[in-house]
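Reader: I would like to learn how to read a model of this kind, feature by feature. Could you take me through the general idea each time, and then turn to the case at hand?

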Amino acid sequence: MHTGFFTHAQCAAHEMGSWHPESPERLAAVHDHLIAVGLLPHLLGYDAPQASLEVIARAHDTEYIERLRARIPKQGYAPVDPDTSMNSASWDAALHAAGAVIDATDRVIRGELANAFCAVRPPGHHACRAAAMGFCFFNNVAVGALHAVHAHGLSRVAVIDFDVHHGNGTEDILAGNRHALMASFFQHPFYPYSGTDYAADNMVNVPVPAGTRGDVVRELVDSQWMPRLEAFAPQMIFISAGFDAHREDDLGQMGLVEADYAWITQRLMDVADRHAGGRIVSTLEGGYNLSALGRSVAAHVRTLAQL
Ligand SMILES: [Zn+2]
């Protein structure tokens, strides 16, 4: 069985200004590097469909979805938060990004794929139930996790977030949901300044200081995440795969390298193999140094595909 690779051309048409670090070039860097290292031919590629608004409404208020749709500009940019704006392609891009996770989830659960990586943007983990935030519009991973529960009848899904920033939007949507367990580490104190004040019982939040390197992160994964994941025994694992904790990424100040991402991925695959029939759907979040992003995604995907 293969690893699926989901993306869509529209995800590169969304842009927020040439200065913005969350740029279309990020997807080109991922694609080019996967070709350069010979990985892409080993993956099964899919054009991501658009998610339906009904599916997105499992994670977001209908009123918010409609408010966002009403903001789509015919030209130029429409700001939705201090760091986030829409162009004429953003709405469609956001639907394809969420749709990638939905399609990947369906195919992995049906047994067509071993696991999947969604190379999509806009990212999603800062998108709250009723607010766009931090480059995110729809919470792609939360939409996928809730789809696995409500459309496929899974009763235990785990969401892992290894982006340098706390996935406040995913926490907003999944906190207290008895079908979900979320585990993350994140640089703290740091944007979005959440994740430590209050955590629901199903949140395993591990704040770490700036400068934290891979050896410490690996110990925390084993001591903080693993016991909770083993006890929860997830039937499927979703990954918010942000690569901005890489030591070359200027948007964070952590010290991970490609080998750390491969190690974390393998740990999650071991959990998935023990409890979830190997089912993992991973989705791109942050990662802004284009070279480090390409290399880190390759390490992650190479592990997923066991190549
Ligand atoms: Zn991030």
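Reader: Which residues point one way from β7, which point the other way, and are they buried or exposed?

Author: Please keep in mind throughout that this is a predicted model. The general idea is that in a regular strand the side chains alternate between the two faces of the sheet. In β7, A180, M182, S184 and F186 point one way, while L181, A183, F185 and Q187 point the other way, and all of these residues are buried. Since 8 of the 8 residues of β7 are buried, this strand is largely enclosed by the rest of the structure.

Reader: Which strands does β7 pair with, and in what sense?

Author: To read a pairing, one looks for the bridges between two strands and for the direction in which the strands run. On one side, β6 and β7 run parallel and are joined by 5 bridges, with S184 in β7 as the bridge partner of D161. The chain gets from β6 to β7 by way of α6, and this β-α-β crossover is right-handed.

Reader: In what order do the strands of the open sheet lie, and which of them stand at the edges?

Author: The sheet is open and has 8 strands, in the order β2-β1-β5-β10-β9-β6-β7-β8, with parallel pairing. At the edges stand β2 (44-47) and β8 (203-208), and each has a single partner strand, so one side of each is left without a neighbour in the sheet. Neighbouring strands of this sheet are turned against each other by 15° on average, if direction is ignored. Helix α7 (residues 214-232) packs on the sheet, where it touches β6, β7 (180-187) and β8, and its direction makes about 170° with that of β7. Elsewhere in the sheet, strand β1 (residues 3-7) pairs in the parallel sense with strand β5 (residues 115-118) over 4 bridges, and G4 stands opposite A116 in β5.

Reader: How many residues of β9 are buried, and what does β9 pair with?

Author: A strand can be read in two steps, by its faces and by its partners. As to the faces, β9 is mostly covered, with 6 of its 6 residues buried; M236, F238 and S240 lie on one side and I237, I239 and A241 on the other. As to the partners, β9 pairs with β6 in the parallel sense over 5 bridges, where M236 is the bridge partner of V157. Strand β10 (residues 280-284) also runs parallel to β9, joined to it by 5 bridges, and F238 stands opposite V281 in β10. Together, β9, α8 and β10 make a right-handed β-α-β unit.

Reader: Which residues coordinate the zinc ion, and where in the chain do D163 and D244 lie?

Author: For a metal site, the reading starts with the donor atoms and goes on to the angles. The zinc ion is coordinated by two OD atoms of D163, by ND1 of H165 and by an OD atom of D244, at 2.0 to 2.7 Å. The spacing of these donor residues in sequence is D-x1-H-x78-D. D163 lies in the loop between β6 (157-161) and α6 (168-174), and D244 in the loop between β9 (236-241) and α8 (258-275), so that this pair, 81 residues apart, links distant parts of the chain. Both D163 and D244 are buried.

Reader: Where are the cis peptide bonds, and which residues have a positive phi without being a glycine?

Author: Most residues other than glycine have a negative phi, and most peptide bonds are trans. In this model a cis peptide bond joins H188 and P189, with omega of about 0°, and the peptide bond from Y191 to P192 is also cis, with omega near 5°. The loop between β7 and β8 holds P189, P192 and Y193. Y193 is not a glycine, yet its phi is positive, at about 60°, and Y193 is exposed, with a relative accessible area of 57%. Q306, in the segment after α9 (290-304), has a positive phi of about 55° although it is not a glycine, and Q306 is exposed, with a relative accessible area of 51%.

Note on methods
Residues numbered from 1 in each chain as written. Predicted model: local features only at pLDDT ≥ 70, side-chain atom pairs only at ≥ 80, totals over all residues. Heavy atoms only, no water. Donors = N, O, S within 2.8 Å, 3.2 Å for Na, K, Ca; no water. Buried < 20%, exposed > 50% of the residue type's maximum accessible area, 1.4 Å probe, protein only. Pairing = 2+ DSSP bridges. Right-handed = clockwise from strand over helix to strand, strands pointing away. Axes fitted to C-alpha atoms, helices over the stretch in contact; angles between N-to-C directions. Contact = heavy atoms within 4.5 Å.
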